[in-house]
Structures are given as C-alpha cells and as structure tokens.
Amino acid sequence: MNGENPRVVPQPPGGGHRPSSHLSLNGLGRLAEVCRPAVDPRDLRARLVHVGLGAFHRAHQAVYTEAASAATGSDAGIVAVAPRDASVVARARAQDHLFSVTTRSPEGASPKVVGSLVGALHLADDAAELNRLIASPEVTTVTLTVTEKGYHRVPGGGPLDLADPRIASDLEAAGQAVSAAGARGTRPGRAAGVVRTVPGALAVALAGRFRSSGAPIDVVSCDNLDGNGPALATVVRDFVTAANWPDSARIVEWLGRDVGFPSTVVDRIVPATTPDDLDQAQAALGTRDDLAVSGEPYSQWVLEDAFRAVRPAWEHGGAQFVADVVPFQLTKLRLLNGSHSGLAYLGLAAGCRTIGDVLATGWGETFVRGFGAEVAASLPPGGPDPAQYVEALVARFANTAVRHELRQIGADGSLKLPQRWVQVLRDSSSRPGDHQILALAAWASATRPDASSGGLLFGTPDPAADALMNCWTGSPGGVVARLLRVLGAPDLADDEALTSATEALLPDLARGVIPS
Ligand SMILES: NC(=O)c1ccc[n+]([C@@H]2O[C@H](COP(=O)([O-])OP(=O)(O)OC[C@H]3O[C@@H](n4cnc5c(N)ncnc54)[C@H](O)[C@@H]3O)[C@@H](O)[C@H]2O)c1
Ligand SMILES: O=P(O)(O)OC[C@@H](O)[C@@H](O)[C@H](O)[C@H](O)CO
C-alpha cells in the first residue's frame, strides 16, 4: 500500500459504484458464521482516528479495537486515514470499510472479517474532516502506523527535520491555514494551504482541538521506532513551534500537559498483500475483498500506561499496559527486527526471496540464534527472556505459510538500521560479534549500485539510495566507513576494527556466498 498512487475521487460511504461481489454490510449475513465480524460497524461511532491505512493496522490495532468494543459493548469505531494513497480510501469506502484478516500457520488459513472501521479519509484531500474529528471531544485516541519515513526526523533519529522540503512546504501551508481560520496568521489574505506530512497534519489538527475544547487526547505511535512515543511527541511539538502561530507556545504547553504520547511495542508479522492473497481471500470468503491482509497467529501489543484521556479497552484483545515499555521495545527491535534485517540482506545475497526460504537454508536458523546471543547482552532487564524469545523467533520465522518478502523487510534500511543495529554496535560493554558484523556486511553489499536499474543492487527502495550508492565511488577501502556515515553513525565509521572486519566479508557476499 506504500507509494504515491494516482488520485481516486473518494466515494461517499456506502455510495458510488460498488461491485456487488465485494464485501458489504448488506452481505455480512451471507458470510460463514466463523468469518463474520465480532462487531457490526453500524453500532459504532468514530472514537478513534488511525493514521496509516496500511496492512499492519488492519491486522493489528483494528483487531484489538474490535475485540475491545465486542467485549465491553462500547461504540468505539475507527476512522482510518491514508496519508498518501487515495486509492485505498476508495477501496475501503467501496466495501463499507470491511476487510478480512487471514491468520496463516502450517495448520491452515483462517479468514475473519473485521468490523471496527467506520470511515476512511485521505490526509490531504479530506483535511477538513480529519481536523473536525481530531477536534471533537468524542475522539479520544489517535493511533499511527506510517513507517519511519512518516516522522520526518533528522537523519539518525531525533528532532523534526526542518530542512526537509516537505516539512518546509507544510509549515508554509500551516501559516496559511491559520490565516484562513481567522487567527492572526503569517500570510493574511491567502488561501488556506494543505498540509501533507503526518507531523504537519497532526500539529494542525491538534492545534484545532486546543483552540476548541482543549479536551485531553492520546496519540499512539505503533511504528517500529525506539522510543516511538517521545519520537512522535517531538516531531509534533517541533512543528507547532516552527509554525510560529500566535498561540504556538500555549499549544506546546497543552501538548505537554493534556496530550499523551505513550510508547508502544507492536508485533505481528504481516507481509504486504499479494494478488494471490486477494484471490485466496475471495475463495475462502465467497466474496471479493480488495483490502484483505494476512498475518501470523502471534500478536503482541505492549503499551506504556500513560494515557491522558479515556482509552480503548485493548486489553480485551490481549494488549498489556505496563509502566515501562523500554525493555520490551528494545528486545523486539533488536532481536526480532534486528535479525529480520540481517536475514533480509543475507538472504538477498544468497538468492532467496522470503524469510521462510532463508530459514530453510543451513545457515538461516544459525544466524538468528548467533545474532540473538550477541545482541542479548545489550538488553536491559525487565523484558522477555532473550533465549526463549530467540527460540520463539526461529519458530515464527520458519512459518512458511506467511510469505514475507526479503525486499520488503530490506526496504528503507538507512532509516531502520539506526533503530535495529546501531545502538547495539555502539554498546561499549562488548565488541560487535561475528553475526552483527556479517549482517552489517550484507547490508553494505546490498547498497551496491545496480547499473541496469539505477537503484540499489536488489531493488530495495531507500530514501538515501543516492547517498548510499555514492559510497561505492572512491577508494574501495573506505566504503563501509562512508556507508556508516550515511546511517548517521560517524563514531562507528571511525572504528577501524569494525570497518575492516566488515569489508573483509564483502567479496564472498558479492559472489552470493554466506561466510560461515
Ligand atoms: N507489517 C508488519 O509486519 C509490521 C509489524 C510491526 C510494526 N509495523 C509498523 O507498521 C508500519 C507500516 O507497516 P505496513 O505493513 O502497514 O506497511 P504498508 O506499506 O501496508 O503501509 C504503510 C503506511 O504508511 C504510510 N506511509 C508510507 N510512507 C509514508 C510517509 N513518508 N509519510 C506518511 N505516511 C507514509 C502509507 O501511506 C501506509 O498507510 C511499519 O513501517 C512498521 O513501523 C509493521
Ligand atoms: O515493518 P517494517 O518495514 O518496519 O519492518 C519489516 C519487518 O521487520 C517488520 O514488519 C516485522 O515483521 C514486524 O515488526 C514484526 O512485528
């Protein structure tokens, strides 16, 4: 669902052209009973807004929210917002926001329709409705799954990247939006601008809530970022400050007092949907579902118990609320996502396509265990037992019913690896182990330019692709150091022992040989 797709004119809910064979509220009774949703969306109201109508939201937060509403009888429904791809909004509206999640394991596949979505919006095209919803005291929770790119942080993580042209353009538009709303803005008399980034849209919408009811609200990042709560709070606050509205200082104070940004750990392996998945969902449901997703049986959600408003009772779906998510977050990011990235780049070098293919090689499982043992030393106490966690990972990764493409996992490495590897490599208590160095070498090797496509060797997209490929010009001896600087790790680039050990593995990897 990623990418800038051509605009599709949004259809009103339940209206417009609807192929009769698609999922619909009227057709729910024709579904096998076991596939029917646990709640009827007609009984729900918009109480949550979710930004990022991708595969993961549908298989994770939407499922927990449905479980919460079903168990408590609450009327909490979700309006989901697509930040970029307007076609997903049209597809959601055309099937009354219903979609199925198929749980896949070696034992079989079980599809179930989820009923927690009550609306779909496009972030820019439907900005007025988004702002109205977030200003409404009826909405108490906003959740997000917008990938690392969606936060627009300075490279390496940190504050909002004010040098990013999309943020600069949104700041310009936000000044105009204030003018049009009647406040003393920076450019009186000009038409209201449209903000297009997630930090910009959230800042504008939250400012609207402050200026109306000022009711408390929680904004919950569900992205794979270390410290995702503070990371989101920082980019929103930075945008409000940089917007320089007459009331920016008071909004920042309100954000600190009445807006919760709890940190979370989200976990469920949910690959991008393929045409084959859609056909299988159709065969199983007896009706077409253009929003079908599938995922593994395992699902976890750990949230910092630091909400400022009434929150959904997600514990009914199995969510845990804890005082400190850090040990859970670091365990997940460093063991699961860290080894996932390593498997992706090693597997691509070896000619594999999916995580299941890599686990079927002689070395995949050994890599997960070896990498996990090295990384375990960096984890704080209070989280899951690392050895048991790694054993569970081996079993999850070996689930070949879930076809998770290595190219998807390897995408945007320059944004993911600072979360997954860099801090562990920096950990002064131990030298990087052999498996960490092997993973680093595999990533480095995967950044080589591919002459035929003009992109990275295996076709993995990356916003820093040009800078990464440029590292391969100049003296071959310094390539790993140059790549580490692009990752925002100049300290590691100066670690001669690390860079030379990594470079020594490159010739084998370039030949598709995984060094043992
Ligand atoms: N898929 C999983 O297994 C999984 C598991 C845990 C966490 N997550 C988290 O969820 C995120 C989304 O995963 P997904 O499977 O839904 O992917 P997806 O490709 O299906 O959806 C990505 C979503 O992010 C939005 N997006 C992408 N780039 C953006 C940008 N620059 N600005 C704003 N929005 C942008 C897209 O519009 C889309 O809504 C991941 O990046 C990760 O942080 C995913
Ligand atoms: O979703 P991404 O692209 O950030 O990362 C790819 C995978 O590592 C990730 O999706 C995992 O499968 C997921 O985090 C498991 O919960």
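Phe210 is placed in helix α6 (residues 198-211); helices here are DSSP runs of H or I with at least four residues, strands are runs of E with at least two, and both are numbered from the N terminus. The model is a predicted one, in which local features need pLDDT of at least 70 and side-chain atom pairs count only at pLDDT 80 or more, while totals for chains, interfaces and linings use all residues. Residues are numbered from 1 along each chain as its sequence is written, chains are lettered from A and ligands numbered from 1 in the order in which they are written, and side-chain values use heavy atoms, with hydrogens and water left out.

**Phe210**

- Phe210 counts as buried, at 17% relative accessibility; buried means under 20% relative accessible area, exposed means over 50%, and partly exposed is in between, with a 1.4 Å probe and protein chains only.
- Apart from its neighbours within four places in sequence, Phe210 is in contact with Asp247, Arg250, Ile251 and Trp254, where contact means heavy atoms within 4.5 Å.
- Phe210 and Leu483 are 273 residues apart along the chain, and their C-alpha atoms are separated by 43 Å.

**Domains**

- The protein chain is assigned domain 1 (28-322) and domain 2 (326-510), with bounds that come from an automatic or database domain assignment.
- Between the C-alpha centres of domain 1 and domain 2 there are 29 Å.
- To the contact, domain 1 gives 28 residues and domain 2 gives 24 residues.

**Helix α3**

- Helix α3 (residues 86-94) is mostly covered, since 8 of its 9 residues are buried.
- Those buried residues are Ala86, Ser87, Val88, Val89, Ala90, Ala92, Arg93 and Ala94.
- The buried residues of α3 pack against α1 (55-59), β2 (76-82) and β5 (117-122).
- After α3 comes Asp96, which has a positive phi near 55°.

**Helices α10 and α16**

- Two packed helices are described by the angle between their axes and by the distance between the axes.
- Helix α10 (residues 326-349) packs with helix α16 (residues 434-446) at an angle of about 55°, and their axes are 8 Å apart.
- That angle makes α10 oblique to α16; angles under 35 degrees count as roughly parallel, over 145 as roughly antiparallel, 65 to 115 as roughly perpendicular, and the rest as oblique.
- Axes are lines fitted to C-alpha atoms, for helices over the stretch in contact, and angles run from 0 to 180 degrees between N-to-C directions.
- In this pair, Gly342, Tyr345 and Leu346 of α10 meet Leu438, Ala439, Ala442, Trp443 and Ala446 of α16.
- The residues of this contact of α10 with α16 divide into 7 nonpolar, 1 polar and no charged; Ala, Val, Leu, Ile, Met, Phe, Trp, Tyr, Cys and Pro count as nonpolar, Asp, Glu, Lys and Arg as charged, and the others, Gly among them, as polar.
- Ser341 is also found in α10, and Ser341 is buried, with a relative accessible area of 0%.
- Leaving out neighbours within four places in sequence, Ser341 contacts Ile409, Leu417, Arg420 and Trp421.

**Loop residues with positive phi**

- His152 is not a glycine, yet its phi is positive, about 55°.
- His152 lies in the loop between β6 (141-144) and α5 (165-180) and counts as buried, at 10% relative accessibility.
- Asn244, a residue other than glycine, has a positive phi near 55°.
- Asn244 is in the loop between α7 (228-243) and α8 (248-258) and counts as exposed, at 55% relative accessibility.
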